[in-house]
Amino acid sequence: MTLPDPAPGLPDGRVRVALVDDQQLVRAGFRMVIDSQPDLEVVLEAGDGAQAVRALDPAARTATGPVDVVLMDVRMPTMDGLEATEAIVARGTPEHPAPRVIVLTTFDLDEYVLSAIRAGASGFLLKDAPPEEMLAAIRTVHRGDAVIAPSSTRRLLEHLVTALPTDEPAAADDPAHRAVAQLTDREREVLVLMARGRSNTEIGQDLFVAEATVKTHVGRILAKLGARDRVQAVVVAYETGLVRPGA
């Protein structure tokens with residue numbers, strides 16, 4: 001398969017999207033929906049993870065322009081979405097940051113989602129989600145201020161965390177526990193609510209504070225945990241026992 005060249009010179013503010021899926025018809029459907037939006041445009045397609053890693057290499061993107069968000073299928077030939085996500089995120093540099101990756105999944109692939117998030121994915125989305133939910137997910141992950149559309153986040157988090165080990169918690173002196181120990185009491189409250197799928201607006205209502213204050217807390221939490229975004233912070237909350245499945 002020949003990869004299309006990314007479109008050069010998109011207007012400032014336009015979100016550049018890459019589609020990685022081995023089914024051409026799926027990519028065509030996603031492209032049609034995404035390209036219908038004035039603030040989004042598909043600039044790259046790949047039929048497997050290996051093609052995506054090559055096309056999104058920082059050296060290649062220096063000449064072709066950056067990609068902001070990747071929609072990444074899990075099951076693909078040659079290299080699956082998990083390996084590709086890890087490789088793409090790992091190759092990011094301060095000068096050429098890695099794009100944010102949204103993993104496309106179904107309920108029967110929860111263990112893959114967790115692995116992808118640990119590899120650096122910024123979110124996850126049901127492959128049969130309505131078009132408007134997919135568009136919202138791209139914009140949300142690009143902003144970096146939410147996990148994904150709340151309607152899927154709550155269901156997926158509840159289903160996903162059952163894959164986390166609860167009988168053997170990580171050692172109290174591991175990096176994740178040390179990072180959580182740096183959080184203030186208020187930041188811990190905010191992180192717990194984040195782990196329950198609450199939006200910034202809902203967290204503000206729960207804690208009787210302004211949404212701007214919540215955003216400040218979230219930013220500090222991400223910095224202290226060394227997390228790229230909310231979804232990785234949520235995983236840390238469960239892995240360290242700050243939040244328990246079903247609690």
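Predicted model: local features only at pLDDT ≥ 70, side-chain atom pairs only at ≥ 80, totals over all residues.
**Notebook: helices, cores and one aspartate**

Next I looked at α12 itself. I found 9 of its 10 residues buried, so the helix is largely enclosed by the rest of the structure. I listed the buried ones: Arg230, Val231, Gln232, Ala233, Val234, Val235, Val236, Ala237 and Tyr238.

Then I checked how α11 sits against α12. Helix α11 covers residues 211-225 and α12 covers 230-239; I get an angle of about 65° between them, with the axes 10 Å apart. The crossing of α11 past α12 is left-handed. Which residues meet there? From α11 I noted Val218, Leu222 and Leu225, and from α12 Arg230, Ala233 and Val236. I sorted the residues of this contact into 5 nonpolar, no polar and 1 charged.

On to the cores. The largest nonpolar core has 24 residues, and I see the most contacts inside it for Val20, Val70 and Met72. I asked which elements supply at least two residues each to this core: they are β1 (15-20), β2 (40-46), α2 (49-55), β3 (69-73), α4 (81-90) and β4 (100-105). Apart from this core I found another one, of 23 residues, with Val192, Val218, Ala227 and Val243 among them. A general reminder I jotted down: in soluble globular proteins, nonpolar side chains tend to be buried together.

I took a closer look at Met72. Skipping its neighbours within four places in sequence, I have Met72 in contact with Val20, Gly81, Ala84, Thr85, Ile88, Val101, Ile102, Val103 and Leu104.

Now α6, residues 131-143. I count 13 residues and a reach of 19 Å from first C-alpha to last, close to the 18 Å expected at 1.5 Å a residue. Its buried residues are Glu133, Met134, Leu135, Ala137, Ile138, Thr140 and Val141. Just after α6, I found Gly144 with a positive phi of about 75°.

Last entry: Asp35, which I placed in helix α1 (residues 24-35). Is Asp35 buried, exposed or in between? I call Asp35 partly exposed, because its relative accessible area is 34% and that class runs between the 20% and 50% cut-offs. Beyond neighbours within four places in sequence, Asp35 is in contact with Leu40, Glu41 and Val42. I also checked Val17, 18 residues from Asp35 along the chain: their C-alpha atoms are separated by 9.5 Å.

Key: Residues numbered from 1 in each chain as written. Heavy atoms only, no water. Axes fitted to C-alpha atoms, helices over the stretch in contact; angles between N-to-C directions. Helix = DSSP H or I, 4+ residues; strand = E, 2+ residues; numbered from the N terminus. Left-handed = near helix turned anticlockwise from the far one by under 90°. Contact = heavy atoms within 4.5 Å. Nonpolar A, V, L, I, M, F, W, Y, C, P; charged D, E, K, R; others polar. Core = buried A, V, L, I, M, F, W, Y, C linked by side-chain atoms within 4.5 Å. Buried < 20%, exposed > 50% of the residue type's maximum accessible area, 1.4 Å probe, protein only. Expected span 1.5 Å × (residues − 1).
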